[in-house]
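Subject: Structure handover

Hello,

The structure is placed below, followed by notes on what was found in it. Please read the notes with the coordinates open.

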Amino acid sequence: MRSEQELMDELKEMYPQYPSKEFKSSTEKLLRMKARDLEKKRKIIRFTTIISSGVFVSIFIFCLLILEREGINHTFGQSAQTLSKPLVYIYHTHNRESYFPELDAQKEKMTAVSETKNVTLVGKRLSKALNDMQINAIHDNTDIFGVLEKYNKHYPEAYTFSGYYLKKALEENESIQMVFDIHRDSSSRSDSTIEINGKSYAKIQFIVSEISIHYEQNKQFAVQLHEQLEQRYPGLSRGVIEKGERTANTYNQDIHENSLLLNIGGVENSLEETYRTADILAEVINDTLKKSK
């Protein structure tokens with residue numbers, strides 16, 4: 001008579017298991033959500049994250065070694081020294097994303113990217129508006145796209161590099177309470193623009209990673225900002241969008257509890273329209289910080 005193990009081996013040979021990508025993706029997503037619920041058991045969560053993203057970690061370590069060894073061009077737009085400790089960190093993983101009305105060269109218009117006229121200027125405007133309110137904000141204008149080109153890295157690896165600088169900034173500035181990665185999306189002008197009191201504004205959209213270990217906190221933070229915008233300027237916010245299918249990418253939101261990806265405008269907006277929105281966002285951030293005291 002065959003043993004139980006022999007029967008199991010025979011069954012495995014008869015019915016080999018080839019789970020679909022969808023099954024594996026949904027299973028991993030479910031496991032991550034379960035892990036988040038066990039917030040007190042952070043060691044287990046970290047272990048699971050490391051195991052499930054081994055390739056990502058390897059790339060990250062490799063990038064750290066490169067950056068430390070060769071010293072990538074990395075600049076901060078620091079606020080005035082008279083301000084208190086930094087409370088806000090602004091950066092741009094896809095720093096060359098731009099807006100059609102600002103571009104001249106045909107090549108730029110085809111891809112909507114620019115080395116000079118891009119979302120970095122929106123972050124600079126937000127930083128200035130905050131500093132004018134006596135809120136110390138660090139604006140990181142590192143050319144992440146240039147770093148990728150220099151080391152022949154792929155576009156999806158941009159988050160690895162921007163995450164490296166974010167971690168460094170948080171280590172050096174424990175006072176930081178909010179983190180914003182500013183992008184623009186590819187939506188049409190009709191979807192990305194609103195008129196308020198006779199002036200056009202670029203709409204803003206909040207993106208939250210479902211697979212971040214800080215998912216709940218980040219979502220709560222996004223909803224709070226969205227609702228405050230709705231109270232001040234109804235329709236300016238396009239709401240909170242949750243994304244979680246790309247398991248190797250949390251948009252760096254697992255690095256800080258109040259970390260968000262922002263889309264400010266679409267490809268058909270002008271910088272002037274994004275600046276107006278940045279000024280309003282600064283007002284909302286100011287209100288949020290006051291409430292947190």
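Which residues does Phe-180 touch, not counting residues up to four places away in sequence? With contact meaning heavy atoms within 4.5 Å, they are Val-88, Tyr-89, Ile-90, Tyr-91, Phe-221, Leu-225, Leu-260, Leu-262 and Ile-285.

On conventions: this is a predicted model, in which local features need pLDDT of at least 70, side-chain atom pairs count only at pLDDT 80 or more, and totals for chains, interfaces and linings use all residues. Residues are numbered from 1 along each chain as its sequence is written, and side-chain values use heavy atoms, with hydrogens and water left out.

Phe-180 is also one of the residues that touch the most other members of the largest nonpolar core, which has 39 residues. A nonpolar core here is a set of buried Ala, Val, Leu, Ile, Met, Phe, Trp, Tyr and Cys residues joined through side-chain atoms within 4.5 Å; buried means under 20% relative accessible area with a 1.4 Å probe, protein chains only. Helix α11 (residues 271–292) gives the largest share of this core, nine residues. Another core, of 16 residues, lies apart from it and includes Ile-144 and Leu-148.

In strand β9 (residues 259–264), six of six residues are buried. Helices (H or I, at least four residues) and strands (E, at least two) are DSSP runs, numbered from the N terminus. Ser-259, Leu-261 and Asn-263 point one way from β9, and Leu-260, Leu-262 and Ile-264 the other.

Strand β4 (residues 178–183) runs parallel to β9, joined by five bridges; Ile-182 has Leu-262 as its bridge partner. Strand β7 (residues 204–209) is antiparallel to β9, with four bridges, and Ile-204 stands opposite Ile-264. Pairing requires at least two DSSP bridges between two strands.

Regards

How values were computed: Buried means under 20% relative accessible area, exposed over 50%, partly exposed in between (1.4 Å probe, protein chains only).
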